[in-house]
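I opened the notebook to look up a few features of one structure. The entries follow in the order I wrote them.

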Amino acid sequence: MLSPFPELFAFSWFAPAIIRLVLGIFFVRFGILKLRSGKSEKLTFFELAGFPRAHVFLLVSAWIEIAGGLMLIAGLYTQIAAIALSLLLLAAVFIKWRKPELLKNDTEFYILLAAATATLIISGAGAIAFDIPL
């Protein structure tokens with residue numbers, strides 16, 4: 001079937017950039033919330049999930065989310081940042097599957113974010129990025 005808007009394919013290079021920017025904002029926000037207003041809630045989450053040093057896991061995951069989100073926003077090492085963030089999301093899906101009461105978002109939310117990060121691993125940064133496709 002023919003595309004109803006074939007002229008939009010000229011802008012297909014911007015699709016990964018849109019995904020990258022939105023995910024970057026999400027992850028920076030998630031990381032900041034873990035360090036500020038949601039710190040006690042997330043610390044309780046890590047303790048109930050069975051992590052031995054909950055405060056260390058809280059700080060590490062928050063900084064990975066902030067650094068990965070900033071890397072996505074800038075388009076710098078996009079695929080590496082997307083891999084790291086995908087691993088965090090897969091861990092969240094696993095924890096949500098094992099103990100659904102610990103995470104307030106639905107499993108579908110984490111799967112959708114994981115699919116978006118997987119898209120960036122495959123497609124790269126897209127337009128307006130420091131990463132240059134080879």
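Entry 1. I noted that the model is predicted. I began with F5 and found its place in the segment before α1, the helix of residues 15-35. F5 belongs to a nonpolar patch on the surface, together with L8, F11, W13, F14, I18, V22, F26 and I128. I wrote down about 970 Å² of accessible area for these residues together.

Entry 2. I128 came up again when I looked at backbone angles. I placed I128 in the segment after α5. Its phi is near 55°, a positive value in a residue other than glycine. Y77 also has a positive phi, near 50°, and is not a glycine either. I found Y77 in the loop between α3 and α4. I noted both because most residues other than glycine have a negative phi.

Entry 3. I then looked up how α4 (residues 78-98) packs with α5 (residues 107-123). Their axes are 8 Å apart, at an angle of about 160°. Angles over 145 degrees count as roughly antiparallel, so I recorded α4 and α5 as roughly antiparallel to each other. The crossing of α4 past α5 is left-handed. Among the contact residues I listed A82, L85, L89 and V93 of α4, and Y110, L113, A114 and I121 of α5.

Entry 4. How many salt bridges does the structure hold? I found 1 salt bridge. The side chains of K34 and E65 meet in it, at 2.7 Å from N to O. K34 lies in helix α1 and E65 in helix α3 (residues 54-74), so the pair ties together parts that are 31 residues apart in sequence.

How values were computed. Residues are numbered from 1 along each chain as its sequence is written. This is a predicted model: local features need pLDDT of at least 70, side-chain atom pairs count only at pLDDT 80 or more; totals for chains, interfaces and linings use all residues. Side-chain values use heavy atoms; hydrogens and water are left out. Patches are made of residues with over 30% relative accessible area and no salt bridge: like charges are joined within 9 Å, nonpolar side chains (Val, Leu, Ile, Met, Phe, Trp, Tyr) within 5 Å. Accessible areas come from the Shrake-Rupley method with a 1.4 Å probe; for residues, only the protein chains shown count as cover. A salt bridge is a side-chain nitrogen of Lys or Arg within 4 Å of a carboxyl oxygen of Asp or Glu. Helices (H or I, at least four residues) and strands (E, at least two) are DSSP runs, numbered from the N terminus. Axes are lines fitted to C-alpha atoms, for helices over the stretch in contact, and angles run from 0 to 180 degrees between N-to-C directions. Angles under 35 degrees count as roughly parallel, over 145 as roughly antiparallel, 65 to 115 as roughly perpendicular and the rest as oblique. A crossing is left-handed if the near helix is turned anticlockwise from the far one by less than a right angle, and right-handed if clockwise. Contact means heavy atoms within 4.5 Å.
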